[in-house]
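Colleague: I have a few questions about this one. Can you put it up on the screen?
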Amino acid sequence: MSDRNRRARNARTVEAVMKVVTGACVALVVGAAVLILGKIVISGIPGISLEFLFSKPGMGMRAGGIFPIIVGTLMLVTLTAVLVLPLGIMAGIYLAEYAPKNIVTRIVRLSIANMAGVPSIVYGLFGLAVFVLLMQFGKSLLASALTLTCLTLPVIITSTEEALRQIPSDLRQAALALGATRWRAIYKVILPAAAPGIVTGSILGLSRAAGETAPILVTGAAFFLPRLPDSVFSQYMSLPYHLYVLATQVPNVPPEITWGTAFVLVAGVSIVSMIAGAWRSVQRRKVKW
Amino acid sequence: MTVTPTEKAGRLTGRTTRRRAAEAVIRTLIYTAGLLSIVILLAIAVFLFVEARKSIAEVGLGTMLSGTQWFPTGTPRIFGFLPLIIGSLMVTGVALVVFVPVGIGAAVFISEFSAGWFKEVMKSVIEFMAAVPSVVYGFLGVAVLIPWVKATFGLTSGMTALTGGLVLGVMSLPTVISISEDALHAVPDALRQGSLALGNTRWQTIYKVVVPSASSGIFAGVMLGLGRAIGETMAVLMLTGNAAVIPTNVFESVRTMTGTIAAEMGEVVFGGLHYSVLFSVGLVLFGITFTINLAADLVLERQRKRWRR
């Protein structure tokens, strides 16, 4: 009897200990996140001013602002969006609505999952070989955007498919029963219903693309080019590459410029994706099928 | 103007025919887009190989893979990948030591010990960590971790495999936690209730029933974290010091495969031997991550089938 009591007590002690141990792991994760956010906000805010955001860099990037860099990043992401969204959304529609249950579909799914894990520098090599050299776009906005298109494609496909799958099939069947063709049912009924999910998934994917450095490093981002790109065939400056340059390639950069750049990058990427994520969960709660 | 029934029917069939035609065009487009991912993945492999051909012919794949020295610009030029491969493995090993226990521990706590609101909070925290660009992790490492490693271990330089590995470990946490948590979440509640009804404590239930049931998913999460760590470029480029010498311990500077490509691609002659060798490095990297990802996907697939009833 006492033996069983002791065993029960021991088991409870072990449980309490393990709760603390696993809780400590969570605390470490949260601590890391808070440290990252806190350090960037505290060190980054002093460098932020209207002048910093809207003027060109000067004195070998040791003074001035980051206006061409912000614009370059936005242009790159916009161009990527124009290229990747139609392809990704159509591929998502294929998987959710058209794909037969066969070996080809299985291979498509495996390829998408595998593409998501290909290192970004490998996409860079691919973009360099195909878009920069073979297609002769040169180091340019277009070559970088095409490279980022390949990199972002799996994210867009997966989130589109997931959004479409949450639409109940009653809607589809009602549309088909009214005489709509398959595409009209998708276009008029299913896509509008799935739009919030598709939009937020796309924003999340594109904000990741905005932070990528390695692929654009070899396909078009300029070390220093203090003017705005004038066509899709010109080089451009970009926030993540600029941060890399300031942090490791240029000596004696005033810290508020480097931290300010990091702040703008993180704020841009994470605020956009957090708003998108929050909006999605609100939408999910609002619409109950 | 009056419309006769035949005209009306004619108009309707005209519209139906047009819609059918549009349907066929759109179906073709959608099928093409659907197959695009296979095409891109194949194209990556093909073009890496095409560009690597010159180096494979002139230096030889075996010589590159077994070479212990990396002097791409010396005379004679020596292209041995071992320093780079071992550098990548060492950094990834350090990352593994960080993200396996912390990641799985955190996933267990979030899935098994915490309330709904806390799960939502942690989802945001993990989303934030995944959203921070790798160059920012690299920069934070340069600003904070390099001086800390240097002072704590009394080294002449804080740019070591340890520094890069610690940052990589943190960067891989979101992947490991979210996939492991999904796997734990997918374990049917009936199993938990059965175990608790037999008198097990929550923890006994977790480590005897829940974790073993979710083990394949957790394994897949670790694999994907590993793939992410091996393929990560900017953070390791900024933090490991990039000395192309086979390291003997984690307090030495290392040069990884990814860092080598990123650092040297800007200085090579396009189409030259060095350029081609860097594509061979890319090919090796692609081969490693492809294998890891494929294995993880197959394991995840099997797990999904297991609980689908």
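Colleague: What domains is chain B divided into?
Modeller: Keep in mind that this is a predicted model. Chain B has domain 1, covering 5-54, and domain 2, covering 70-307.
Colleague: How many Å separate the centres of those two domains of chain B?
Modeller: Taken over C-alpha atoms, the centres of domain 1 and domain 2 of chain B are 38 Å apart.
Colleague: And how many residues of each are in contact?
Modeller: In chain B, 7 residues of domain 1 are in contact with 7 residues of domain 2. On the domain 1 side, 5 are nonpolar, 2 are charged and no residue is polar.
Colleague: Switching to the two chains. How many residues does the contact take from chain A and from chain B?
Modeller: Chain A puts in 73 residues and chain B 69 residues.
Colleague: Which helix gives the most on the chain A side?
Modeller: Helix H1 of chain A, residues 2-44, with 18 residues. By class, the side of chain A that touches chain B has 52 nonpolar, 14 polar and 7 charged residues.
Colleague: What about the largest nonpolar core, which residues have the most contacts inside it?
Modeller: Leu125(A), Phe126(A), Leu243(A) and Val136(B), in a core of 185 residues. Helix H3 of chain B, residues 82-113, supplies the largest share of this core, 15 residues.
Colleague: Take Leu243(A). What is it in contact with, leaving aside neighbours within four places in sequence?
Modeller: Within chain A, Leu243(A) is in contact with Thr261(A), Ala262(A) and Leu265(A). From chain B, the partners of Leu243(A) are Val135(B), Val136(B) and Phe139(B).

Definitions and conventions
Residues numbered from 1 in each chain as written. Chains lettered and ligands numbered in written order. Predicted model: local features only at pLDDT ≥ 70, side-chain atom pairs only at ≥ 80, totals over all residues. Domains from an automatic or database assignment. Contact = placed C-beta atoms within 7 Å. Nonpolar A, V, L, I, M, F, W, Y, C, P; charged D, E, K, R; others polar. Core = buried A, V, L, I, M, F, W, Y, C linked by C-beta atoms within 7 Å. Buried ≥ 20, exposed ≤ 12 C-beta atoms within 10 Å, placed from the backbone. Helix = DSSP H or I, 4+ residues; strand = E, 2+ residues; numbered from the N terminus.
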